[in-house]
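Please look through the sequence and the fold shown here. The paragraphs below go through several of its local features.

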Amino acid sequence: MTTDETKTTDALAAAQSATAAVPATPLEAGDGAEAAGDAPAGPSKSELKKRAKEAEKAKKAAERAAREEEERKAREAKESLDNAKQNYGKLPLHQSQERNGRSFLKFNKLSKDLVGQPVIFRARLHNMRPQGAKIVFVTFRQQTHTMQGVLVISGEKDEHQVSKQMLKYAQSIPSESIVLVEGVIKAADVKSCTIQDAEVQVRKLFTAVEVNELPFSIDDAARPEADFQRMETEDVQFARVSLPTRLDNRVMDLRTPTNQAIFRLQSGVCQLFRDYLNSEGFVEIHSPKLQGAATESGASVFKVQYFNSTAFLAQSPQLAKQMCIAGDMERVYEIAPVFRAEDSNTHRHMTEFVGLDLEMAIEEHYHEVLDVLDNLFLSIFRGLKETFSHEIDVIKKQFPCDDFLFLEKTLRLPFKEGMKMLREAGATDSEGNPIGEMDDMSTENEKLLGRLVREKYHTDYFILDKFPLAIRPFYTMPDAVDSTLSNSYDFFMRGEEILSGAQRIHDADFLVERMKVAGIDPASMQGYLDAFKLGAPPHGGGGIGLERVVMLYLKLGNIRRASLFPRDPKRLAP
């Protein structure tokens, strides 16, 4: 086809297109209708105009929607840009990947000198509360101390930016998670934490260990009895965590500030015990707890399978201590478990407890032993008051009690004098009869005597001396003048016995005689007797129950609260 033919063809096509676009005139339409029969008329000019406007409107709406979608995507892209993402998050599993030598803050070492200084520390996330949309307050906990942390959203230009995403992450961390925190110490007035003059402005917040569902909250477990009393008069509700629930979930329970303080103080009792006796020339020993025979007479002993024979768990280190004295060690002590197979479900008995035992040779009189024991307790009481005042204050918030009273010169009462005080106060025996001066003292009467002594002598700590021989073990030395009495003593705290001791019989023949009087076959305790046949010096000692001392000093009400993992007739776990 030539160029001219191409141009002609294009012109004809354009003309046809233009003709098709021009609406038909009424005449043409009529003619067409007549020619085609009854075909419907096309849209009117007004209808076409209306359609054009709707098309234009739809076009603008589509353009506006597209523009808004682009703006939304741009906005989301900007918001997703988190300049603080390196300042928070979950840390990888700790496998000792590196050691940078950083100094981690311990809350109990916090001082005013650190105000304005950057710090790093690890702690439990105790609780969290948002304050509006831009601030979150976090309580961090280390053992008995809590400190407030603050996260505030800051601008992009802030070197230590806290972003909205970081704030949201902080609010998602479960309570009791272990977190790693970096921040700056700021002076502050805080009422809700133990650290009340400072807080940490958080710059970085990472979770090192997250937790699952909790059996109870630390706040509920640390709640004092006074809160529950408020429920009777105020419109408030609190959840009580029972002692069995605590012990079933002991790991959780141990995290409360109260328990942290209790077991730090318990550790302090052991350390003070060691320090004093070491200063007095004692040697610490470690005796076996598996034995071939019962340490003491009676049936309160645990039997265990020992290969093809039977062994017994030690009821006390009594024999071992005395053997050491016979071996010329002069003065010995031990801190070790003691086992008693007694089905006693009381507030002060356990089947396993920690015994603080000592034994020493006597030069002239058994009161030498009594003096050492007395000075030992006074040293412990003074040491607790001086060194553990913070822990005592923490414990008192949950278990309020009067300060433990003791005299510089300890009250020492003859047993008969104690019984006289009880009779004058109207004390009776278990059958309601007046007590005699040589009767054994019941638990109820011990407590009554404690109250009488506190009222009259203003002390919670005292000693009863010269017990009747008939109510003491067979190995107790009788009094040299009055054979009905013995060279024995008990120590008391808040009206409960915490130590029982005596001068021991060190002569083998005399021991056999006393065994027969007590109805014990000497052959059944031949191993005990053999320890004295090689010659043992006069000696005496005593045994202290660690948990009972802690319970009574702090007035906890139940010995299980002073035991890390208590063992009683009904509990063997955890």
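Predicted model: local features only at pLDDT ≥ 70, side-chain atom pairs only at ≥ 80, totals over all residues.

Residues are numbered from 1 along each chain as its sequence is written, and side-chain values use heavy atoms, with hydrogens and water left out.

The loop between α2 (26-36) and α3 (45-80) holds P43. Helices here are DSSP runs of H or I with at least four residues, strands are runs of E with at least two, and both are numbered from the N terminus. P43 counts as partly exposed because its relative accessibility is 45%; buried means under 20% relative accessible area, exposed over 50%, and partly exposed in between (1.4 Å probe, protein chains only). Apart from neighbours within four places in sequence, P43 is in contact with L48 and R51, where contact means heavy atoms within 4.5 Å.

Next comes the open sheet. Three strands lie in the order β8-β10-β9, with antiparallel pairing. The edges are β8 (290-291) and β9, each of which pairs on one side only. Two strands pair if DSSP finds at least two bridges between them, and β8 is joined to β10 (residues 309-313) by two bridges. Q291 has F312 in β10 as its bridge partner.

Strand β9 (residues 303-306) includes Y306, which counts as partly exposed because its relative accessibility is 39%. Together with L290 and F307, Y306 forms a nonpolar patch on the surface, with about 360 Å² of accessible area in total. Such patches consist of residues with over 30% relative accessible area and no salt bridge; nonpolar side chains (Val, Leu, Ile, Met, Phe, Trp, Tyr) are joined within 5 Å, and like charges within 9 Å. A salt bridge is a side-chain nitrogen of Lys or Arg within 4 Å of a carboxyl oxygen of Asp or Glu. Areas come from the Shrake-Rupley method with a 1.4 Å probe, and for residues only the protein chains shown count as cover.

Where does β16 sit relative to the rest of the structure? Seven of the nine residues of β16 (residues 496-504) are buried, so this strand is largely enclosed. Six bridges join β16 to β15 (residues 488-493), running antiparallel, and these two strands form a hairpin with two residues between them. In the turn, R494 has a positive phi of about 50 degrees. Strand β17 (residues 539-545) is also antiparallel to β16, through six bridges. L499 in β16 stands opposite F491 and opposite I544 in β17.
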